Amino acid sequence: VTRRIALACNSDAGYAPYAATMLYSALHNTPGTQFSIYYLHDPDFPEATRDLIRQALACFGSRVEICFIPVPDSLVHGLPLFKAMPQGTLRPVMWYRVFLPQLVSSEPKVLYLDCDTLVVDCLDPLWETALGNKAIAAVTNPIGNAKTDEARWPSICGLSNNEDYLNSGVMLMNLDYFRAH
């Protein structure tokens, strides 16, 4: 039986080269596995950029199926942005992953990878992680020096324990759980 991984990512056109690199590294380091890729993007994502991503992955042939999914601005309107991202100048692409349960309704689970991730080993063991009745599998986000702004994120988010702050750039998401709860 051929293994299949449902992989999701998101970016705007500016980050598409990084996303293509991440996708290439995932496919290259996970030989023999089929991939269904769900690429979430803003409504203005150029067709030429989609073509470049397809070309970057063409060497993997029938092992890869890619589905580009435009996320309507109305879905993310009003969601908070980082201070460095003034409202109205950048779309909140970082929020797209939150809508995976409704945007990718055919999948029971997906492996979400940020476009700045580099895959250096086979993804099969991560994909096989049993989720049971859990929404996600993720690792805690390492917090650097306690004097930095980043170190204050857990408390800003209302978390009492730094270890409750997870890295949302690599998540195995139980979409069925999200849909049910």
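## Basis of the description

A residue is called buried when its relative accessible area is under 20%, exposed when that area is over 50%, and partly exposed in between, with a 1.4 Å probe and protein chains only. The model is predicted, and local features therefore need pLDDT of at least 70 while side-chain atom pairs count only at pLDDT 80 or more, although totals for chains, interfaces and linings use all residues. Residues are numbered from 1 along each chain as its sequence is written, and side-chain values use heavy atoms, with hydrogens and water left out.

## Overall architecture

The chain contains seven helices and six strands, where helices (H or I, at least four residues) and strands (E, at least two) are DSSP runs numbered from the N terminus. Read from the N terminus, these elements follow the order β-α-β-α-β-α-α-β-α-β-α-β-α.

Of the 181 residues in the chain, 39% are buried. Contact here means heavy atoms within 4.5 Å, and among the contacts between residues at least 6 apart in sequence, 76% join residues at least 24 apart.

Arg4 belongs to strand E1, which spans residues 4–10, and with a relative accessible area of 37% Arg4 is partly exposed. Its C-alpha atom is separated by 5.6 Å from that of Phe35, a residue 31 residues apart from Arg4 along the chain. When neighbours within four places in sequence are left aside, Arg4 is in contact with Thr33, Gln34, Ser36, Tyr38, Glu107 and Trp127.

Ala137 is placed in strand E5, residues 136–137, and counts as partly exposed at 22% relative accessibility. The C-alpha atoms of Ala137 and Val170 are separated by 8.7 Å, the two residues being 33 residues apart along the chain.

## Helix H1 and its packing against H2

Helix H1 (residues 16–28) packs with helix H2 (residues 47–57) at an angle of about 25°, and the two axes are 10 Å apart; axes are lines fitted to C-alpha atoms, for helices over the stretch in contact, and angles run from 0 to 180 degrees between N-to-C directions. H1 and H2 are therefore roughly parallel to each other, a label given to angles under 35 degrees, whereas those over 145 count as roughly antiparallel, 65 to 115 as roughly perpendicular and the rest as oblique. On the H1 side, Ala16, Ala20, Leu23, Tyr24 and Leu27 meet Thr49, Ile53, Ala56 and Leu57 of H2. By class, this contact has eight nonpolar residues, one polar residue and no charged residues, where Ala, Val, Leu, Ile, Met, Phe, Trp, Tyr, Cys and Pro count as nonpolar, Asp, Glu, Lys and Arg as charged, and the others, Gly among them, as polar.

Ser25 is also found in helix H1, and at 6% relative accessibility Ser25 counts as buried. Not counting residues up to four places away in sequence, Ser25 touches Thr117, Leu118 and Val119.

## Cysteines

The structure holds zero disulfides, a disulfide being a pair of cysteine sulfur atoms within 2.5 Å. For Cys115, the closest cysteine sulfur is that of Cys9, and because the sulfur of Cys115 is 7.3 Å from it, the two are too far apart for a bond. Cys115 counts as buried, at 10% relative accessibility, whereas Cys67, with a relative accessible area of 33%, is partly exposed.
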